[in-house]
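Biologist: Can you walk me through this model? I would like to go from the sheet to the helices, then the loops and the ligand.

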Amino acid sequence: MKTGITFGTFDVFHYGHLRILERSRELCDRLVVGISSDELNFSKKGRMPYYSFDERSRIVGALKCVDEVFKEESLELKAEYIKRFKADVLVMGDDWKGKFDWVIPLTGCAVFYLPRTPAISTTAIVEKIRN
Ligand code: C2G
């Protein structure tokens with residue numbers, strides 16, 4: 001049983017989020033997703049998410065390709081999370097390319113960075129709605 005793990009805020013859920021989760025699930029038998037806490041999002045992006053942690057974790061947790069969700073409190077705890085869920089593969093969008101290779105020697109977990117889905121982002125969606 002190969003366990004995959006990925007992380008994100010998944011705010012204002014969109015197609016790019018869906019595609020990374022579906023492609024992550026193709027690389028494993030069971031997919032666990034760390035949903036950034038509201039506070040972690042604030043530290044990453046300088047603002048609170050539009051959707052609360054509860055809403056974001058409920059939306060992602062409802063997806064057929066996702067088996068379990070949990071709260072991601074810090075980017076630095078990745079090795080602990082990988083060990084907690086016994087993940088064999090970490091999958092992230094390639095905007096993070098190389099940023100999480102440090103977990104490999106600590107966990108033996110493989111790391112894949114997959115191409116981002118072009119031309120879609122939470123920021124762009126919010127801007128479009130605003131205008
Ligand atoms: N993503 C994508 N294509 C997009 C937008 C996002 O493939 N058009 C991917 C990102 O690369 C990431 C995932 O979707 O792998 C979640 O994106 P965000 O919600 O923006 O999460 P992020 O801020 O990248 O947080 O510990 C890592 C962080 O929690 C990741």
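This is a predicted model: local features need pLDDT of at least 70, side-chain atom pairs count only at pLDDT 80 or more; totals for chains, interfaces and linings use all residues.

Biologist: Start with β1. How many of its residues are buried?

Modeller: In strand β1 (residues 3-8), 6 of 6 residues are buried. Buried means under 20% relative accessible area, exposed means over 50%, and partly exposed is in between, with a 1.4 Å probe and protein chains only. Strands here are DSSP runs of E with at least two residues, helices are runs of H or I with at least four, and both are numbered from the N terminus.

Biologist: Which residues point which way from β1?

Modeller: T3, I5 and F7 point one way, G4, T6 and G8 point the other way, and all are buried. In a regular strand the side chains alternate between the two faces of the sheet.

Biologist: Which residue of β2 stands opposite I5?

Modeller: V32 stands opposite I5. β1 and β2 pair in the parallel sense over 6 bridges; two strands pair if DSSP finds at least two bridges between them. With α1, these two strands make a right-handed β-α-β unit. Right-handed means that, with the strands pointing away from the viewer, the path from the first strand over the helix to the second runs clockwise.

Biologist: And what about β4?

Modeller: β1 also pairs with β4 (residues 89-93) in the parallel sense, over 2 bridges. The bridge partner of I5 in β4 is L90, and that of G4 is V89. β4 then joins β5 (residues 110-114) through 5 bridges, and those strands run parallel. In β5, L90 has V111 as its bridge partner.

Biologist: Is β4 buried or exposed?

Modeller: β4 is mostly covered, with 5 of its 5 residues buried. V89, V91 and G93 point one way, while L90 and M92 point the other way.

Biologist: On to the helices. Which residues of α3 are buried?

Modeller: In α3 (residues 53-61), F53, R56, S57 and V60 are buried. Seen down the axis of α3, they fall within an arc of 95°, so they line one face of the helix. The arc is that of the directions from the helix axis to the C-beta atoms. The face turned away from the buried side carries the exposed residues D54 and R58.

Biologist: What do the buried ones pack against?

Modeller: The buried residues of α3 pack against α1 (15-25), β2 (30-36), α2 (38-45) and β3 (68-72). Contact means heavy atoms within 4.5 Å.

Biologist: And α2?

Modeller: D38, L40 and N41 are the buried residues of α2. Their arc, seen down the helix axis, is within 155°, so they line one face of α2. E39 and S43 are exposed on the other side. Just after α2, G46 takes a positive phi of about 75°.

Biologist: Switching to loops. Where is D11 found?

Modeller: D11 is in the loop between β1 and α1, and D11 is buried, with a relative accessible area of 3%. Its side chain reaches the backbone nitrogen of Y51 at 2.9 Å. That is a polar contact: a pair of N or O atoms within 3.5 Å, where, within protein, one must be able to donate a hydrogen and the other to accept it, and residues adjacent in sequence count only if both atoms are side-chain atoms. Leaving aside neighbours within four places in sequence, the contacts of D11 include H17, R47 and R56.

Biologist: How about L75?

Modeller: L75 sits in the loop between β3 and α4 (78-84). Not counting residues up to four places away in sequence, L75 touches L40, K44, W96 and W102. The C-alpha atoms of L75 and K44 are separated by 9.1 Å, at 31 residues apart along the chain.

Biologist: Last topic, the ligand. Which residues come nearest?

Modeller: Of the 22 residues around the ligand, E72, K78, D95, W96 and I120 come nearest. A residue is near a molecule if one of its heavy atoms lies within 4 Å of it. A polar side-chain atom of W96 lies 2.7 Å from an oxygen atom of the ligand.

Biologist: What are the distances for S36 and K45?

Modeller: An N or O atom in the side chain of S36 is 3.2 Å from an oxygen atom of the ligand. For the side chain of K45, the corresponding distance is 2.9 Å.

How values were computed
Residues are numbered from 1 along each chain as its sequence is written. Side-chain values use heavy atoms; hydrogens and water are left out.
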